[in-house]
Amino acid sequence: MNRFENKIALVTGSSQGIGAACALRLAADGADIILNGRKLDERGEDLIKQITAMGRRAHFLAADVSHMHNVVNLVRDAIAVYGELDILVNNAGVEKNKDFWDVTEEEYDFVMDTNLKGIFFGIQTFVKYCMSNKRGGVIINMSSVHEEIVFPHFAAYCASKGGLKMLTRNLATELAHLNIRVNNVAPGAIATPINKKLMDTPELLENVLDNIPMKKMGKPEDVAALVAFLASDDAKYVTGSTYFVDGGLTYHYEEQ
Ligand code: NAI
């Protein structure tokens with residue numbers, strides 16, 4: 001499928017996990033890709049090889065998106081690489097497992113700056129570019145089921161994803177007249193390195209699977225398929241909401 005012919009996409013935090021799957025899926029569907037991570041390593045180099053083997057262009061930009069000046073420069077540099085930018089996937093995210101009463105300011109900032117502040121100013125830079133070039137754009141924010149449901153011991157993470165829920169609602173309304181669409185994708189439990197401890201601990205995993213009607217974890221490709229739909233013109237009337245990819249986790253209820 002070539003639904004992203006002549007489209008350029010930036011995917012933040014795309015060295016591994018969901019971000020890498022999104023980059024590969026968008027490329028498979030025809031987009032040229034700007035990859036991002038804190039630094040280029042063999043995973044990024046391998047992705048560049050895979051994407052170029054598909055006949056698409058790929059370029060890696062190193063930047064820590066938790067700092068405002070870095071994320072602003074990342075989006076500007078991404079536009080400069082191929083001369084334009086159509087799709088912004090704000091995927092990079094971090095979490096901290098800690099009792100609420102022990103969370104330090106540094107840990108709070110680490111989570112909030114990556115998951116919310118960096119996205120806020122990355123979008124702002126993209127929107128300024130769209131406005132000054134009189135062009136529309138598509139923004140997809142990688143949220144979480146935890147923009148909606150609680151996650152004890154992950155208070156900063158929940159606050160960041162809850163904030164992202166309202167940021168998306170707000171921006172979809174404010175930017176609709178500019179032909180810029182903004183949506184959230186909310187994964188449930190997806191098999192990526194962020195969940196290594198969960199996947200390596202059978203009793204933790206069993207507990208999680210008990211809460212998932214489909215009784216399995218999702219794959220990064222499951223999330224990427226939804227991202228590709230939202231990024232495409234098939235979703236041209238879709239903005240301002242959140243789409244769950246969670247095996248039924250969020251609205252799960254069963255009588256014992
Ligand atoms: P991951 O930890 O496997 O990958 C995240 C990537 O983002 C890594 O390559 C990491 O280096 C990069 N990254 C983190 N902070 C960064 C920064 N400041 N600047 C640049 N790159 C940075 O995580 P995963 O599972 O692929 O998660 C991706 C997104 O999906 C995150 O926003 C996460 O919150 C969200 N998510 C994941 C779920 C899951 O079960 N895996 C569930 C719900 C949401």
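Which atom of the ligand does a polar side-chain atom of Arg 38 lie 2.9 Å from?

1. A nitrogen atom: that is the ligand atom lying 2.9 Å from a polar side-chain atom of Arg 38. Bear in mind that this is a predicted model.

2. A backbone N or O atom of Ile 18 lies 2.8 Å from an oxygen atom of the ligand. For Lys 161, an N or O atom in the side chain is 3.1 Å from a ligand oxygen atom. The protein covers 93% of the 830 Å² of accessible area that the ligand has on its own.

3. The shell around the ligand has 29 residues, of which Gln 16, Asp 64, Tyr 157, Thr 192 and Asn 195 come nearest. By class, 12 are nonpolar, 14 polar and 3 charged. Helix H1 (17-28) supplies at least two residues of this shell, and so does helix H5 (155-175).

4. Now the sheet. It is open, with 7 strands in the order S3-S2-S1-S4-S5-S6-S7 and parallel pairing. S3 (58-62) and S7 (242-245) stand at the edges; each has a single partner strand, so one side of each lacks a neighbour in the sheet. Neighbouring strands are turned by 20 degrees against each other on average, direction ignored.

5. Strand S1 (residues 8-11) pairs with strand S4 (residues 87-90) over 3 bridges, in the parallel sense. Leu 10 has Leu 88 of S4 as its bridge partner.

6. Two helices deserve a look here. Helix H4 (residues 105-132) packs on the sheet and touches S4, S5 (137-142) and S6 (180-187). Its direction makes about 175 degrees with that of S5. Helix H8 (residues 220-231) also packs on the sheet, touching S4, S5, S6 and S7. The direction of H8 makes about 165 degrees with that of S6.

How values were computed:
Residues are numbered from 1 along each chain as its sequence is written. This is a predicted model: local features need pLDDT of at least 70, side-chain atom pairs count only at pLDDT 80 or more; totals for chains, interfaces and linings use all residues. Side-chain values use heavy atoms; hydrogens and water are left out. Two strands pair if DSSP finds at least two bridges between them. Helices (H or I, at least four residues) and strands (E, at least two) are DSSP runs, numbered from the N terminus. Axes are lines fitted to C-alpha atoms, for helices over the stretch in contact, and angles run from 0 to 180 degrees between N-to-C directions. Contact means heavy atoms within 4.5 Å. A residue is near a molecule or strand if one of its heavy atoms lies within 4 Å of it. A polar contact is a pair of N or O atoms within 3.5 Å; within protein, one must be able to donate a hydrogen and the other to accept it, and residues adjacent in sequence count only if both atoms are side-chain atoms. Accessible areas come from the Shrake-Rupley method with a 1.4 Å probe; for residues, only the protein chains shown count as cover. Ala, Val, Leu, Ile, Met, Phe, Trp, Tyr, Cys and Pro count as nonpolar, Asp, Glu, Lys and Arg as charged, and the others, Gly among them, as polar.
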